[in-house]
Amino acid sequence: MSEYRRIESALIHGGIYGDKYTKSVNVPIYQTSTYEQTGIGEEPVWEYSRTGNPTRAALEALIAELEGGTSGFAFASGMAAITAVLSLFRTGDRILISSNVYGGTFRVLDKVFNHFGITYSIEDTTDLASLEKSITADVKAILVESPANPLLTVTDIGAVSRIAAKHGILSIVDNTFMTPYLQRPLELGADIVIHSATKYLGGHSDVVAGLVVVKDKELAEKIAFIQNSTGGVLGPFDSFLLIKGIKTLGVRLDRHVENAEKAAKFLSKHKAVKKVYYPGLPDAQGYEINKKQAKNGGAMISFELYENYDIKKFFKSLRLVALAESLGGVESLVCHPASMTHASIPWDIRQQIGITDGLIRLSTGIESIDDILEDLSQAIAESEG
Ligand SMILES: *Cc1c(COP(=O)(O)O)cnc(C)c1O
């Protein structure tokens, strides 16, 4: 990030600001697939919108600045972004992933990239010694999320990046849960940052998008080549929506986190709640590491109700907080990892890793915290058996 600009300002003024032709303060939606060229053999600035589009380019410059990288890339979804990054690898390469990596990341490795002979191993990335021991000659990257879904497990991004660098392999961080407003993995030493911009960056549950940022020029050239070759690019209108969303990321996250901190405290004291997972609570796993690498604990909370509470009744009784997949929008959402995001994991393994049937994930919105807490209270009361 430019030194003269603090992140609150960079969110609004970063990348490419406005339009140089009209001086409009917003980047226009360049809804075009192609551009007229000046002549044969004369290098055009813009040639075709898969390769480059001014609205998308403004978003790409913005996310690069926010993450402290040199190049940004916008894709049609978080999964398209992850697919582009995984396309860096070749037959015989293996990637180490954290045990609670996003389900779609696991699926694309397990069911798509396996066809091309690119393999993966699941590692406990909080155990650095064992992680380093797993780096054999075929391992070419470590992919982590911190905090990770759904137990908000914290991984030391700087330490993992140093291990990767020492072995000459890439460190990749999915920064969806934190955003550059709270955590900047490239500054901690990571090589590649990925986002599902569908979540906090977009922030209004109205766009599906993915972003990649790198700091190394050679890596940037490779990703640009893959982006243009495989073509999963973000359209101009969705790029505009993301730029618009990112402008308010700071104020939104301030409120998201303020609400999450209050909700985590409230739930910790509630008699129905067996356990709260929130990296902002001093007794949470990885609290100190998170404090070192991120601004605060973010706004995602998971909590477990005691067995005598009827989980189905809890979800049915909610009035304000919606039962839905996704996270990071202005509205509070809850989901049931055991039957939704992590349903594909067998029951006994789910128990071992802490994804019990009583586990609830809350994406704390920016509504009145009193309304959120009242809704959770009444739904818990209704579900008491
Ligand atoms: C949602 C999500 C993704 C996938 O992003 P899409 O935009 O849904 O394709 C990847 N990683 C994390 C951490 C996510 O939450």
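Figure 1. Lysine 262 is partly exposed, with a relative accessible area of 39%. This value, like those in the other legends, belongs to a predicted model. The side chain of lysine 262 forms a salt bridge with glutamate 258, and the closest N and O atoms are 3.4 Å apart. Both residues belong to helix 11 (residues 249-269), where they are 4 residues apart and therefore separated by about one helical turn. Glutamate 258 is likewise partly exposed, at 38% relative accessibility.

**Figure 2. A salt bridge between aspartate 138 and arginine 94.** The two side chains meet at 3.0 Å, N to O. This pair links distant parts of the chain, since its members are 44 residues apart. Aspartate 138 sits in the loop between helix 5 (128-133) and strand 4 (139-145), while arginine 94 belongs to strand 2 (residues 94-98). Is arginine 94 buried or exposed? Arginine 94 is buried, because its relative accessible area is 15% and the cut-off for buried is under 20%. Aspartate 138, at 26% relative accessibility, counts as partly exposed. In general, side chains of opposite charge can pair when their charged atoms come close.

**Figure 3. Glutamate 187 and arginine 184.** Another salt bridge joins glutamate 187 to arginine 184, with 3.1 Å between the closest N and O atoms. Arginine 184 has 22% relative accessibility and counts as partly exposed. How many salt bridges are there by the rule used here? The count comes to 14.

**Figure 4. Residues around the ligand.** The ligand has 14 residues around it, and Gly78, Asp174, Ser196, Thr198 and Lys199 come nearest. Taken alone, the ligand exposes 380 Å², of which the protein buries 91%.

Figure 5. The strands follow the order 8-9-12-11-10, and their pairing is mixed. Which strands stand at the edges? They are strand 8 (273-277) and strand 10 (322-323); each has a single partner strand, so one side of each is left without a neighbour in the sheet. Within the sheet, strand 11 (residues 333-335) and strand 12 (residues 359-363) run antiparallel and are joined by 3 bridges. Leucine 333 has serine 363 in strand 12 as its bridge partner. As a general rule, strands of a sheet pair through backbone hydrogen bonds, either parallel or antiparallel.

Figure 6. Serine 146 and proline 147 are joined by a cis peptide bond, with omega at about -5°. A cis peptide bond also joins asparagine 149 and proline 150, again with omega at about -5°. Proline 147 is found in the loop between strand 4 and helix 6 (157-166). Proline 150 also lies in the loop between strand 4 and helix 6.

Figure 7. Ile12, Tyr17 and Val25 form a nonpolar patch on the surface, and together they have about 270 Å² of accessible area. Tyrosine 17 belongs to the loop between helix 1 (7-13) and helix 2 (54-67). The relative accessible area of tyrosine 17 is 42%, which makes this residue partly exposed. Lysine 23 is also found in the loop between helix 1 and helix 2. Although lysine 23 is not a glycine, its phi is positive, at about 65°. Lysine 23 is exposed, with a relative accessible area of 66%.

**Figure 8. Positive phi at serine 326.** Where does serine 326 lie? Serine 326 is in the loop between strand 10 and strand 11. Its phi is near 80°, a positive value in a residue other than glycine. At 28% relative accessibility, serine 326 counts as partly exposed.

Definitions and conventions:
Residues are numbered from 1 along each chain as its sequence is written. This is a predicted model: local features need pLDDT of at least 70, side-chain atom pairs count only at pLDDT 80 or more; totals for chains, interfaces and linings use all residues. Side-chain values use heavy atoms; hydrogens and water are left out. Patches are made of residues with over 30% relative accessible area and no salt bridge: like charges are joined within 9 Å, nonpolar side chains (Val, Leu, Ile, Met, Phe, Trp, Tyr) within 5 Å. Accessible areas come from the Shrake-Rupley method with a 1.4 Å probe; for residues, only the protein chains shown count as cover. A salt bridge is a side-chain nitrogen of Lys or Arg within 4 Å of a carboxyl oxygen of Asp or Glu. Helices (H or I, at least four residues) and strands (E, at least two) are DSSP runs, numbered from the N terminus. Buried means under 20% relative accessible area, exposed over 50%, partly exposed in between (1.4 Å probe, protein chains only). A residue is near a molecule or strand if one of its heavy atoms lies within 4 Å of it. Two strands pair if DSSP finds at least two bridges between them.
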